[in-house]
Amino acid sequence: MSQTVQGVIAPAKGAPVELVDIVVPEPGPGEAVVKVDACGVCHTDLHYREGGIGNEFPYLLGHEAAGVVESVGGGVDGVEPGDLVILNWRAVCGQCRACSRGRPWYCFDTFNAQQKMTLDDGTELAPALGIGAFAAKTLVHAGQCTKVDPAVPATAAGLLGCGVMAGLGAAINTGGVERGDTVAVIGCGGVGAAAVAGAHLAGARRIIAVDIDARKLEKARELGATDTVDATSQDVVEVVKELTEGFGADVVIDAVGRPETWQQAFYARDLAGTVVLVGVPTPQMTVELPLLDVFGRGGALKSSWYGDCLPSRDFPMLVDLYLQGRLPLDAFVTETIQIGDVEAAFDKMHAGDVLRSVVVL
């Protein structure tokens with residue numbers, strides 16, 4: 001039967017979030033109800049609140065989460081009640097043209113729960129990224145649940161559901177960073193800091209962190225950066241070249257997503273190097289480049305969706321690395337907060353005061 005729990009919604013475009021009662025239905029075929037233990041406050045949630053992603057208000061916010069499966073519907077055999085799971089927004093279908101070509105991390109027809117969570121009055125809620133985890137419990141497609149080792153704290157595991165995975169994957173999966181490579185990361189917020197950690201994990205010999213905030217540059221050093229560049233007072237392209245024997249970096253990751261930072265990434269890479277765009281631009285942003293420069297520099301210009309991750313492959317592996325002490329997920333958790341503190345957490349995120357605020361339920 002359905003349950004009523006508390007959750008955080010964005011009621012209208014630009015309006016402050018509200019803590020309200022929501023109704024979570026019993027899981028139907030292929031669905032699962034998950035008791036949420038922890039959920040990170042991600043910039044994507046703020047995009048939803050501001051109307052930057054869609055206009056299906058009210059939204060049930062939250063998506064970077066881990067919790068315990070409470071119940072499952074018919075036909076579910078991948079998870080069962082009691083499993084600790086990380087929630088993901090890429091539940092692959094296994095049948096679309098990407099999946100059929102053996103590239104499920106690009107799945108073009110991902111699954112979400114068919115039923116809707118609602119307000120007490122029956123108003124349907126649109127869950128952020130098909131998850132809606134700023135709530136004591138949420139209803140998702142069972143394919144959005146990836147079982148992991150229960151020894152990992154939910155506060156750490158949940159970060160792999162979005163921001164940290166996006167950054168790690170941008171370095172390891174999309175950028176293909178290998179041992180001995182040189183890497184530059186432009187923008188060292190949560191995603192960029194994770195890209196630094198990913199490059200370090202992959203064995204890059206030089207990792208150059210670029211930002212305008214000294215606090216973020218210091219955190220990047222803690223996560224493996226060998227050098228830092230203050231973009232307020234230094235020419236990013238020239239300094240990256242100086243630090244790479246005059247050539248430029250093998251892989252440059254733009255974790256900001258603005259025309260000026262992407263151009264910095266383009267010109268700061270070595271010949272035949274790779275640019276990875278993981279920061280999300282707005283629809284109005286454009287880039288103009290001499291086409292000869294695109295041809296003459298060779299290499300690859302890539303964008304990274306969700307770190308090109310395959311949750312069933314990547315989440316358990318990264319949790320194992322965390323438990324071995326090789327992946328410092330706890331370093332990304334600046335603070336733990338209560339479910340009623342999400343609006344204040346947005347302010348801290350906007351001011352650059354946190355890598356992640358994590359709601360603990």
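Biologist: Which residues line the second largest pocket?

Modeller: In this predicted model, where local features need pLDDT of at least 70 and side-chain atom pairs count only at pLDDT 80 or more, while totals for chains, interfaces and linings use all residues, the lining consists of Gly 30, Gly 75, Val 76, Asp 77, Gly 78, Val 79, His 141, Ala 142, Gly 143, Cys 145, Thr 146 and Lys 147. Residues are numbered from 1 along each chain as its sequence is written, and side-chain values use heavy atoms, with hydrogens and water left out.

Biologist: What makes a set of points a pocket, and a residue part of the lining?

Modeller: On a 1 Å grid over the protein atoms alone, a pocket is an open set of points with protein on both sides within 12 Å along at least five of seven lines, and a lining residue has an atom within 4 Å of a point. The volume of the second largest pocket is about 210 Å³, a volume being the space filled by probe spheres set on the points, which are joined across faces, edges and corners. Strand S10 (residues 145-147) gives the largest share of the lining, three residues, where a strand is a DSSP run of E with at least two residues and a helix a run of H or I with at least four, both numbered from the N terminus.

Biologist: Why is strand S3 called largely enclosed by the rest of the structure?

Modeller: Eight of the ten residues of S3 (residues 31-40) are buried, so the strand is largely enclosed by the rest of the structure; buried means under 20% relative accessible area, exposed over 50%, and partly exposed in between, with a 1.4 Å probe and protein chains only.

Biologist: Why is Val 68 called partly exposed?

Modeller: Val 68, which belongs to strand S5, has a relative accessible area of 27%, and this value falls between the two limits already given, so the residue counts as partly exposed. Leaving aside neighbours within four places in sequence, Val 68 is in contact with residues including Val 33, Val 34, Lys 35 and Leu 84, contact meaning heavy atoms within 4.5 Å.

Biologist: What makes a set of residues a nonpolar core?

Modeller: A nonpolar core is a set of buried Ala, Val, Leu, Ile, Met, Phe, Trp, Tyr and Cys residues joined through side-chain atoms within 4.5 Å. The largest one has 52 residues, of which Leu 160, Leu 168, Ile 253 and Phe 332 touch the most other members, and helix H5 (residues 190-202) supplies its largest share, seven residues. A second, separate core of 35 residues includes Leu 46, Ala 65, Val 79 and Val 85.

Key:
On a 1 Å grid over the protein atoms alone, a cavity is a set of points where a 1.4 Å probe fits but cannot get out, and a pocket is an open set with protein on both sides within 12 Å along at least five of seven lines; lining residues have an atom within 4 Å of a point.
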